[in-house]
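User: I am new to this structure. Please walk me through some of its strands and helices.

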Amino acid sequence: MRSFLRPAAGLTCLIALATAGCSSGSADSSDAAAPAGSASPGATSSPSSSTSSSPSSSTSYAPYVSATAASDNDSTGSPTTYNLAFVISGGSGCTPKWNGTAAIGDTTVQSRISALKESGAAVRVSFGGASGEELAESCDSARELAEAYGKALDAAGSEQADFDIEGDALTDSTSVELRSRAIALLQQERSDLKVSFTLPVMPSGLDEDSLTLLESANNNSVQVATVNLMTMNYSESYDGDMGGYAITAAKAAHDQLADVFGLSDAAAWRGMALTSMIGVNDVDGETFTLSDAAQVRAFAEEKEVAWVSMWSTLRDQECEDGNADDDDAATNCSGVEQEAGAFAEAFAE
(Lines give C-alpha, C1' and ligand atoms only; values in the text may rest on other atoms or scores of the structure.)
Protein backbone atom coordinates (compact mmCIF):
# COMPACT_ATOMS: atom_id res chain seq x y z
CA MET A 1 0.00 0.00 0.00
CA ARG A 2 0.96 3.57 -0.41
CA SER A 3 2.64 5.48 2.34
CA PHE A 4 1.43 8.86 3.52
CA LEU A 5 4.91 10.12 2.66
CA ARG A 6 4.19 11.40 -0.82
CA PRO A 7 1.11 12.73 -2.64
CA ALA A 8 1.27 10.20 -5.51
CA ALA A 9 0.47 7.83 -3.32
CA GLY A 10 -1.84 -15.75 11.73
CA LEU A 11 -0.93 -17.50 9.62
CA THR A 12 2.45 -18.75 10.78
CA CYS A 13 0.94 -19.14 14.21
CA LEU A 14 -1.80 -21.12 12.55
CA ILE A 15 0.87 -23.18 10.81
CA ALA A 16 2.52 -23.90 14.12
CA LEU A 17 -0.86 -24.62 15.67
CA ALA A 18 -1.46 -27.26 13.04
CA THR A 19 1.89 -28.89 13.69
CA ALA A 20 2.97 -28.10 17.23
CA GLY A 21 0.03 -26.59 19.08
CA CYS A 22 1.21 -22.99 19.44
CA SER A 23 -1.26 -20.17 20.05
CA SER A 24 -1.49 -16.49 19.28
CA GLY A 25 -2.73 -15.81 22.78
CA SER A 26 -6.08 -15.35 24.46
CA ALA A 27 -8.83 -13.26 22.95
CA ASP A 28 -8.99 -9.56 23.72
CA SER A 29 -10.52 -6.45 22.19
CA SER A 30 -8.32 -6.78 19.10
CA ASP A 31 -9.55 -8.09 15.80
CA ALA A 32 -6.78 -10.64 15.43
CA ALA A 33 -8.01 -14.00 14.25
CA ALA A 34 -8.84 -16.44 16.99
CA PRO A 35 -6.33 -19.31 17.10
CA ALA A 36 -7.40 -22.20 14.95
CA GLY A 37 -6.30 -25.79 14.92
CA SER A 38 -4.85 -25.63 18.44
CA ALA A 39 -4.35 -28.73 20.48
CA SER A 40 -7.45 -30.12 22.15
CA PRO A 41 -7.58 -29.98 25.97
CA GLY A 42 -5.23 -32.57 27.31
CA ALA A 43 -3.38 -33.00 24.02
CA THR A 44 0.37 -32.63 23.87
CA SER A 45 1.42 -29.17 22.76
CA SER A 46 4.44 -26.91 22.65
CA PRO A 47 5.39 -24.75 25.65
CA SER A 48 3.89 -21.71 23.92
CA SER A 49 0.41 -23.17 23.62
CA SER A 50 -2.62 -21.93 25.53
CA THR A 51 -6.30 -22.72 25.68
CA SER A 52 -8.45 -20.43 23.52
CA SER A 53 -12.15 -19.85 23.07
CA SER A 54 -14.04 -20.72 19.91
CA PRO A 55 -13.58 -18.20 17.09
CA SER A 56 -16.22 -15.55 16.55
CA SER A 57 -18.31 -15.72 13.41
CA SER A 58 -18.11 -11.95 12.92
CA THR A 59 -15.57 -10.17 10.76
CA SER A 60 -14.04 -7.00 12.20
CA TYR A 61 -13.48 -3.71 10.42
CA ALA A 62 -9.95 -2.32 10.85
CA PRO A 63 -9.08 0.53 8.47
CA TYR A 64 -5.65 1.96 7.75
CA VAL A 65 -5.25 5.47 9.13
CA SER A 66 -2.48 8.03 9.08
CA ALA A 67 -0.51 8.13 12.29
CA THR A 68 0.04 11.85 11.87
CA ALA A 69 -3.06 13.28 10.15
CA ALA A 70 -6.62 12.89 11.42
CA SER A 71 -9.57 12.32 9.11
CA ASP A 72 -13.21 13.11 9.76
CA ASN A 73 -13.89 9.57 8.54
CA ASP A 74 -11.61 7.76 11.01
CA SER A 75 -14.38 6.60 13.34
CA THR A 76 -17.04 5.95 10.68
CA GLY A 77 -18.11 2.33 10.81
CA SER A 78 -16.97 2.01 14.45
CA PRO A 79 -13.65 0.24 13.80
CA THR A 80 -12.52 -2.34 16.32
CA THR A 81 -8.87 -1.64 15.46
CA TYR A 82 -6.98 1.06 13.62
CA ASN A 83 -3.92 0.18 11.54
CA LEU A 84 -1.49 3.05 12.16
CA ALA A 85 0.50 3.68 8.99
CA PHE A 86 3.48 3.61 8.88
CA VAL A 87 6.60 3.21 10.99
CA ILE A 88 9.75 3.11 8.87
CA SER A 89 13.40 4.07 9.19
CA GLY A 90 14.01 7.74 9.89
CA GLY A 91 16.92 7.74 7.48
CA SER A 92 19.62 7.51 10.13
CA GLY A 93 20.11 3.81 10.61
CA CYS A 94 17.86 1.86 12.95
CA THR A 95 15.72 4.79 14.09
CA PRO A 96 11.95 4.21 13.88
CA LYS A 97 9.83 7.20 12.89
CA TRP A 98 6.21 7.71 11.92
CA ASN A 99 6.22 8.07 8.13
CA GLY A 100 9.98 8.41 8.40
CA THR A 101 9.64 11.99 9.67
CA ALA A 102 7.94 12.20 13.08
CA ALA A 103 9.74 10.94 16.17
CA ILE A 104 8.21 7.91 17.82
CA GLY A 105 7.47 9.97 20.92
CA ASP A 106 6.06 12.94 19.00
CA THR A 107 3.39 14.57 21.19
CA THR A 108 1.08 15.28 18.27
CA VAL A 109 1.09 11.61 17.29
CA GLN A 110 0.59 10.61 20.92
CA SER A 111 -2.49 12.81 21.11
CA ARG A 112 -3.78 11.36 17.87
CA ILE A 113 -3.41 7.80 19.14
CA SER A 114 -5.19 8.69 22.37
CA ALA A 115 -8.08 10.15 20.38
CA LEU A 116 -8.36 7.01 18.25
CA LYS A 117 -8.55 4.87 21.38
CA GLU A 118 -11.28 6.93 23.04
CA SER A 119 -14.05 4.75 21.57
CA GLY A 120 -12.44 1.63 23.00
CA ALA A 121 -10.83 0.59 19.72
CA ALA A 122 -7.34 -0.90 19.68
CA VAL A 123 -4.44 0.28 17.55
CA ARG A 124 -2.15 -1.90 15.49
CA VAL A 125 1.21 -0.43 14.53
CA SER A 126 1.95 -1.02 10.85
CA PHE A 127 5.61 -1.22 9.85
CA GLY A 128 6.70 -0.82 6.24
CA GLY A 129 4.45 0.20 3.37
CA ALA A 130 5.24 1.09 -0.21
CA SER A 131 7.53 4.05 0.45
CA GLY A 132 10.63 4.66 2.49
CA GLU A 133 12.82 2.01 4.07
CA GLU A 134 11.45 -0.74 6.31
CA LEU A 135 13.48 -1.02 9.51
CA ALA A 136 14.72 -4.51 8.66
CA GLU A 137 16.56 -2.95 5.72
CA SER A 138 18.31 -0.44 8.01
CA CYS A 139 19.07 -2.26 11.28
CA ASP A 140 22.24 -4.31 11.72
CA SER A 141 21.04 -7.06 14.06
CA ALA A 142 17.89 -8.87 15.09
CA ARG A 143 18.23 -7.51 18.63
CA GLU A 144 18.55 -3.92 17.42
CA LEU A 145 15.59 -4.41 15.09
CA ALA A 146 13.43 -5.94 17.82
CA GLU A 147 14.18 -2.96 20.05
CA ALA A 148 13.21 -0.53 17.27
CA TYR A 149 9.89 -2.32 16.73
CA GLY A 150 9.33 -2.40 20.49
CA LYS A 151 9.84 1.36 20.83
CA ALA A 152 7.06 2.01 18.33
CA LEU A 153 4.71 -0.48 19.97
CA ASP A 154 5.33 1.02 23.41
CA ALA A 155 4.77 4.54 22.11
CA ALA A 156 1.40 3.49 20.70
CA GLY A 157 0.49 1.38 23.73
CA SER A 158 -0.15 -1.49 21.36
CA GLU A 159 0.16 -5.27 21.51
CA GLN A 160 -0.46 -5.66 17.78
CA ALA A 161 2.12 -5.35 14.99
CA ASP A 162 1.45 -5.37 11.27
CA PHE A 163 4.29 -5.81 8.79
CA ASP A 164 3.37 -4.44 5.36
CA ILE A 165 6.10 -5.94 3.20
CA GLU A 166 6.12 -5.20 -0.51
CA GLY A 167 8.35 -4.06 -3.35
CA ASP A 168 12.09 -4.41 -2.85
CA ALA A 169 11.66 -5.30 0.83
CA LEU A 170 9.76 -8.43 -0.15
CA THR A 171 12.52 -9.70 -2.43
CA ASP A 172 15.38 -8.84 -0.05
CA SER A 173 16.11 -12.24 1.51
CA THR A 174 18.53 -10.77 4.07
CA SER A 175 16.00 -8.35 5.55
CA VAL A 176 13.24 -10.99 5.40
CA GLU A 177 15.29 -13.33 7.57
CA LEU A 178 16.44 -10.56 9.92
CA ARG A 179 12.83 -9.44 10.40
CA SER A 180 11.68 -12.97 11.23
CA ARG A 181 14.39 -13.36 13.85
CA ALA A 182 13.60 -9.96 15.35
CA ILE A 183 9.86 -10.66 15.59
CA ALA A 184 10.61 -13.99 17.26
CA LEU A 185 12.77 -12.19 19.85
CA LEU A 186 10.03 -9.63 20.38
CA GLN A 187 7.42 -12.32 20.97
CA GLN A 188 9.66 -14.06 23.48
CA GLU A 189 9.56 -10.83 25.50
CA ARG A 190 5.94 -9.93 24.74
CA SER A 191 3.85 -13.07 24.92
CA ASP A 192 0.65 -11.17 24.07
CA LEU A 193 2.03 -9.63 20.88
CA LYS A 194 -0.18 -10.41 17.88
CA VAL A 195 1.48 -10.24 14.48
CA SER A 196 0.04 -9.84 11.00
CA PHE A 197 1.82 -9.80 7.66
CA THR A 198 0.31 -7.61 4.95
CA LEU A 199 1.31 -8.96 1.55
CA PRO A 200 0.50 -8.30 -2.12
CA VAL A 201 -1.73 -10.80 -3.86
CA MET A 202 -2.95 -11.48 -7.38
CA PRO A 203 -6.15 -13.21 -8.46
CA SER A 204 -3.90 -16.26 -8.83
CA GLY A 205 -2.82 -15.98 -5.18
CA LEU A 206 0.36 -15.15 -3.27
CA ASP A 207 3.62 -15.16 -5.21
CA GLU A 208 6.75 -17.10 -4.30
CA ASP A 209 8.35 -14.18 -2.47
CA SER A 210 5.38 -13.88 -0.12
CA LEU A 211 5.31 -17.61 0.52
CA THR A 212 9.05 -17.55 1.21
CA LEU A 213 8.52 -14.76 3.74
CA LEU A 214 5.90 -16.83 5.55
CA GLU A 215 8.21 -19.85 5.54
CA SER A 216 10.98 -17.72 7.06
CA ALA A 217 8.64 -16.58 9.82
CA ASN A 218 7.55 -20.14 10.49
CA ASN A 219 11.13 -21.44 10.52
CA ASN A 220 11.96 -18.85 13.16
CA SER A 221 8.93 -19.82 15.32
CA VAL A 222 7.12 -16.52 14.74
CA GLN A 223 3.48 -16.73 15.79
CA VAL A 224 1.23 -14.83 13.39
CA ALA A 225 -2.44 -14.14 13.90
CA THR A 226 -3.33 -13.16 10.34
CA VAL A 227 -2.07 -12.79 6.80
CA ASN A 228 -3.60 -9.64 5.35
CA LEU A 229 -4.02 -9.73 1.56
CA MET A 230 -3.68 -6.47 -0.39
CA THR A 231 -6.46 -7.05 -2.91
CA MET A 232 -5.49 -4.15 -5.15
CA ASN A 233 -3.14 -2.92 -7.88
CA TYR A 234 -2.95 -6.16 -9.86
CA SER A 235 -1.87 -5.22 -13.39
CA GLU A 236 -3.32 -3.73 -16.54
CA SER A 237 -4.70 -7.18 -17.38
CA TYR A 238 -7.25 -6.80 -14.60
CA ASP A 239 -9.67 -4.00 -15.41
CA GLY A 240 -13.01 -5.56 -14.59
CA ASP A 241 -14.86 -6.46 -11.40
CA MET A 242 -12.52 -5.50 -8.54
CA GLY A 243 -14.81 -7.09 -5.98
CA GLY A 244 -14.75 -10.33 -7.95
CA TYR A 245 -10.98 -10.18 -8.28
CA ALA A 246 -10.64 -9.70 -4.51
CA ILE A 247 -12.72 -12.79 -3.85
CA THR A 248 -10.84 -14.81 -6.47
CA ALA A 249 -7.53 -13.75 -4.91
CA ALA A 250 -8.76 -14.69 -1.44
CA LYS A 251 -9.85 -18.13 -2.61
CA ALA A 252 -6.53 -18.77 -4.34
CA ALA A 253 -4.51 -17.64 -1.31
CA HIS A 254 -6.72 -19.70 1.00
CA ASP A 255 -5.99 -22.85 -0.97
CA GLN A 256 -2.26 -22.07 -1.06
CA LEU A 257 -2.06 -21.57 2.66
CA ALA A 258 -4.17 -24.59 3.48
CA ASP A 259 -2.12 -26.82 1.17
CA VAL A 260 1.33 -25.54 2.14
CA PHE A 261 0.74 -25.49 5.88
CA GLY A 262 -1.74 -28.28 6.37
CA LEU A 263 -4.53 -26.09 7.73
CA SER A 264 -8.18 -26.95 7.82
CA ASP A 265 -10.49 -25.05 5.51
CA ALA A 266 -11.92 -22.99 8.37
CA ALA A 267 -8.54 -22.27 9.95
CA ALA A 268 -7.17 -20.89 6.71
CA TRP A 269 -10.10 -18.47 6.41
CA ARG A 270 -9.82 -17.36 10.03
CA GLY A 271 -6.13 -16.65 9.50
CA MET A 272 -6.83 -14.24 6.64
CA ALA A 273 -7.64 -10.53 6.38
CA LEU A 274 -8.55 -8.53 3.26
CA THR A 275 -7.55 -4.96 2.47
CA SER A 276 -8.77 -3.05 -0.59
CA MET A 277 -7.66 0.26 -2.07
CA ILE A 278 -10.97 2.10 -2.31
CA GLY A 279 -11.96 4.02 -5.41
CA VAL A 280 -9.30 4.64 -8.04
CA ASN A 281 -6.33 2.28 -7.74
CA ASP A 282 -2.74 2.90 -8.82
CA VAL A 283 -3.26 0.78 -11.94
CA ASP A 284 -5.17 2.39 -14.81
CA GLY A 285 -8.57 0.81 -15.28
CA GLU A 286 -8.87 -0.50 -11.72
CA THR A 287 -11.62 1.16 -9.70
CA PHE A 288 -12.93 -0.38 -6.48
CA THR A 289 -16.55 0.70 -6.02
CA LEU A 290 -18.97 0.82 -3.11
CA SER A 291 -20.68 -2.22 -4.61
CA ASP A 292 -17.33 -4.02 -4.57
CA ALA A 293 -16.90 -3.15 -0.89
CA ALA A 294 -20.29 -4.61 -0.04
CA GLN A 295 -19.46 -7.74 -2.04
CA VAL A 296 -16.14 -8.24 -0.24
CA ARG A 297 -17.72 -7.64 3.16
CA ALA A 298 -20.44 -10.23 2.53
CA PHE A 299 -17.87 -12.78 1.37
CA ALA A 300 -15.61 -12.14 4.36
CA GLU A 301 -18.51 -12.54 6.76
CA GLU A 302 -19.59 -15.79 5.10
CA LYS A 303 -16.08 -17.26 5.36
CA GLU A 304 -15.39 -15.81 8.84
CA VAL A 305 -12.34 -13.93 7.62
CA ALA A 306 -10.65 -12.25 10.58
CA TRP A 307 -10.96 -8.64 9.44
CA VAL A 308 -11.48 -6.38 6.47
CA SER A 309 -9.71 -3.10 5.89
CA MET A 310 -9.24 -0.31 3.38
CA TRP A 311 -6.63 2.12 2.22
CA SER A 312 -7.47 4.51 3.76
CA THR A 313 -9.79 6.64 5.91
CA LEU A 314 -8.23 9.81 4.48
CA ARG A 315 -9.40 8.69 1.03
CA ASP A 316 -12.97 7.81 2.05
CA GLN A 317 -14.50 10.93 0.52
CA GLU A 318 -15.22 12.41 -2.87
CA CYS A 319 -12.61 14.59 -4.55
CA GLU A 320 -13.44 18.25 -5.07
CA ASP A 321 -13.38 19.42 -8.68
CA GLY A 322 -10.89 22.14 -9.44
CA ASN A 323 -8.92 21.66 -6.24
CA ALA A 324 -6.16 19.39 -7.46
CA ASP A 325 -3.52 20.83 -5.14
CA ASP A 326 -5.46 19.80 -2.06
CA ASP A 327 -7.43 16.84 -3.41
CA ASP A 328 -5.47 13.93 -4.83
CA ALA A 329 -7.20 10.61 -5.40
CA ALA A 330 -3.98 8.85 -4.43
CA THR A 331 -3.87 10.27 -0.92
CA ASN A 332 -6.90 12.14 0.38
CA CYS A 333 -9.93 11.23 -1.72
CA SER A 334 -11.25 8.21 -3.60
CA GLY A 335 -11.73 9.52 -7.13
CA VAL A 336 -15.32 8.22 -7.28
CA GLU A 337 -18.71 9.70 -6.47
CA GLN A 338 -19.59 8.95 -2.85
CA GLU A 339 -20.74 10.31 0.47
CA ALA A 340 -17.97 10.85 3.00
CA GLY A 341 -17.38 7.65 4.97
CA ALA A 342 -19.45 5.52 2.59
CA PHE A 343 -16.74 2.88 2.12
CA ALA A 344 -16.31 2.54 5.88
CA GLU A 345 -20.02 1.93 6.27
CA ALA A 346 -19.95 -0.71 3.52
CA PHE A 347 -17.00 -2.55 5.06
CA ALA A 348 -18.41 -2.38 8.58
CA GLU A 349 -21.92 -3.67 7.90
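User: In which helix is the place of Glu215?

Analyst: This is a predicted model, where local features need pLDDT of at least 70, side-chain atom pairs count only at pLDDT 80 or more, and totals for chains, interfaces and linings use all residues. Residues are numbered from 1 along each chain as its sequence is written, and side-chain values use heavy atoms, with hydrogens and water left out. Helices (H or I, at least four residues) and strands (E, at least two) are DSSP runs, numbered from the N terminus. The run that spans residues 208-219 holds Glu215, and that run is helix 6.

User: Is Glu215 buried, exposed or partly exposed?

Analyst: Buried means under 20% relative accessible area, exposed means over 50%, and partly exposed lies in between (1.4 Å probe, protein chains only). Glu215 has a relative accessible area of 38%, so the class is partly exposed.

User: How far apart in space are Glu215 and Glu177?

Analyst: In sequence, 38 residues separate Glu215 and Glu177. In space, C-alpha to C-alpha, the separation is 9.8 Å.

User: Which strands does the β-α-β unit with helix 6 contain?

Analyst: A crossover is right-handed if, with the strands pointing away from the viewer, the path from the first strand over the helix to the second runs clockwise. The unit with helix 6 is right-handed. Its two strands are strand 8 and strand 9.

User: How many residues of strand 8 are buried?

Analyst: Strand 8 covers residues 194-200 and is largely enclosed by the rest of the structure.

User: Which residue in strand 9 stands opposite Pro200?

Analyst: Two strands pair if DSSP finds at least two bridges between them. Strand 8 and strand 9 (residues 226-230) pair in the parallel sense over five bridges. Opposite Pro200 stands Met230.

User: What is the bridge partner of Asp162 in strand 8?

Analyst: Strand 7 also pairs with strand 8 in the parallel sense, over five bridges. The partner of Asp162 is Ser196.

User: Which residue in strand 6 stands opposite Asn83?

Analyst: Strand 3 (residues 81-89) and strand 6 pair in the parallel sense over six bridges. Asn83 faces Arg124.

User: Which residues does Gln256 touch, not counting residues up to four places away in sequence?

Analyst: Gln256 lies in helix 7. At 18% relative accessibility, Gln256 counts as buried. Contact means heavy atoms within 4.5 Å. The residues touched are Ser204, Gly205, Leu206 and Leu211.
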